Amino acid sequence: MSSPLEKFEADRATKLKRIEALGLDPWGSRFDGHQPIASVRSLTVNEGDPFQVGPRVRVAGRIRTIRRMGRILFLDLTDASGKIQILVGQKQVDDRTWALCDCLDLGDLLGVDGHFGATKTGELTIFATHLHFLAKSLLPHPDKWAGIADTEFALRHRYLDLIYNPALRERALWRIRLVAHIREHLNHLGYVEVETPVLQAIAGGAAARPFITHHNALDIDLYLRIALELHLKRLLVAGFEKIYEIGRVFRNEGISPKHNPEFTMLELYHAYGDYGTMMELTEALILSCVDLLGRGRQLQLGDSVIDFTPPWKRVSYTELFRHYLGVDWQDTQGVFQVAQRHGIDIAGKERDVVVHYLFEEVIEDQLQGPVFVYDYPASLCPLTKRKRDNPEIAERFELYIQGMELANAYTELNDPVTQEATFRRQLAGLPEEESMARMDEDFLQALKYGMPPAGGLGIGIDRLVMVLTGSRTIRDVILFPLLRPEKRASERSM
RNA sequence: GCCCCCUUAGCUCAACUGGCAGAGCAACUGACUCUUAAUCAGUGGGUUGCAGGUUCGAGUCCUGCAGGGGGCACCA
């Protein structure tokens, strides 16, 4: 009981007991009829004694500051909509409410009845007639002005960070609005939202290591999905024509400012479309998100300004290679020479693997964008339809903004024979540790029943929100990013 | 998995080339009916992330570990 923190808790527990002694419940109960603080603030202030004449209001929120002046008490109360000052005067409230004022701490949740008005200095204020205690905060809150500076503390106490870091709360709200907007936009275009399994016997649709879990009753290992693709295509076979899913996918890979092990993907499929259909849709969708922000079409992102004014640049993979590397990526000799000049190890590697390295090493970072890069080496795109006049090229595009891949779209491969062949080639090249990857026979069979030609699109929602909110790391747009559990804390709680 | 940086009171931060661990906020006691980073008087609060080592003496130097951050690798 000697540590400072325990003393804080003991002090607050004492106040909790005193609240109980007043015949009040320190954990509160249903509290109806309160209105958002922002809407209270927009009421008009009446002339006269503010304890009497103002409109009657009722609010609920968290105590952010307390200023005690003898027989009068000022509180700042915040709710989801804003902040307002509360004035409690000993003469204007009953004895029990005044006694309660001695038991209030920063962070407590409080309901307030009173008259809305303004103080002598003009501060909009609720002149309280009654307080309703709603919940005790037993732990001391962060410094009310400095907030939380320690990154780790903020990440491990995200609920506190969201209280004391308005920029974080604002970004979280933008993410919510943007995702809702994307749904509205797509629904309006006639796309329907579907849901497909997260637990899968075979995790396919992307090349990534999956998380493994186990189903007890069936006694089988299952994987968490790494993509939405293969089930959505089954739904194309099933007769759905314009579908999308916004869902969590899981990839068992490293964590970085651009990578969280679980993240949110939008995948969308349009029967009888192609990657051109998807390019038009992508531009319109993201543009309408930019417009929703209401900050114009030139957005400041970090040190640079990205101009979203359409039409966005469209440049082929081939053109990029000529421009940045002065070589045709289909020229095997040339590619190997250029790769060696850039210090890339080419020993035993296939040309297109080296091509891909070169793209990521040399070109990707320079794509300020927004720019559509289209027509990729086919061997890098096992789920993509080849160009009719050149089977080495796949009808795929990716959208790049600030060197970051934001969208990825194909003309979908619907030929089961070609699909099976590309799967087999892909599996043959996999290292031993990834031999868990298996041919998805069920998916191939679905294709054999006939999948319409289609355009498909994937957009990383987290990265899109990063770009649109100017966030430097993906953690800024994910409310609860993955952290390693604290060892000492978990041992203590055992 | 590798490299670099960070970790001091509940929170935000000080502490010179190794020399008595400090301040603001928060907390506690008291004064004050228009304050608003309220003010004034007073009080308490520390395993300096953890474990070792060097030293007369370690927050400071060395080694290991943990967590976090950044970078690399991985990520079609």
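1. Chain A holds 16 helices and 19 strands. Both are DSSP runs, numbered from the N terminus: a helix is H or I over at least four residues, and a strand is E over at least two. Keep in mind that this is a predicted model, where local features need pLDDT of at least 70, side-chain atom pairs count only at pLDDT 80 or more, and totals for chains, interfaces and linings use all residues. Residues are numbered from 1 along each chain as its sequence is written, and chains are lettered from A and ligands numbered from 1 in the order in which they are written.

2. How spread out is chain A? Its radius of gyration (taken over C-alpha atoms) is 29 Å, well over the 23 Å that the globule rule gives for 494 residues, so chain A is more spread out than a compact globule. That rule is 2.2 Å times the number of residues to the power 0.38. Along the principal axes, the C-alpha atoms fill a box of roughly 90 × 50 × 50 Å.

3. Strand 3 (residues 83-89) and strand 5 (residues 124-135) run in the parallel sense, paired over three bridges. If you want a spot to look at, Ile86 has Ile126 in strand 5 as its bridge partner.

4. Next, the inside. A nonpolar core here is a set of buried Ala, Val, Leu, Ile, Met, Phe, Trp, Tyr and Cys residues joined through C-beta atoms within 7 Å. Buried means that 20 or more other C-beta atoms lie within 10 Å of a residue's own; exposed means 12 or fewer, partly exposed is in between, and C-beta atoms are placed from the backbone. The largest core has 75 residues, of which Leu406, Ala409 and Leu464 touch the most other members. Helix 9 (residues 275-293) gives this core its largest share, eight residues. A second, separate core of 26 residues includes Leu73, Leu75, Ala128 and Leu131.

5. Finally, have a look at Ile478, which sits in the loop between helix 15 (461-469) and helix 16 (487-493). Why does Ile478 count as buried? Because Ile478 has 20 C-beta neighbours inside 10 Å. Leaving aside neighbours within four places in sequence, Ile478 is in contact (C-beta atoms within 7 Å) with Asn260 and Asp462. Phe263 is 215 residues from Ile478 in sequence, yet their C-alpha atoms are 8.3 Å apart in space.

How values were computed. Pairing = 2+ DSSP bridges. Contact = placed C-beta atoms within 7 Å.
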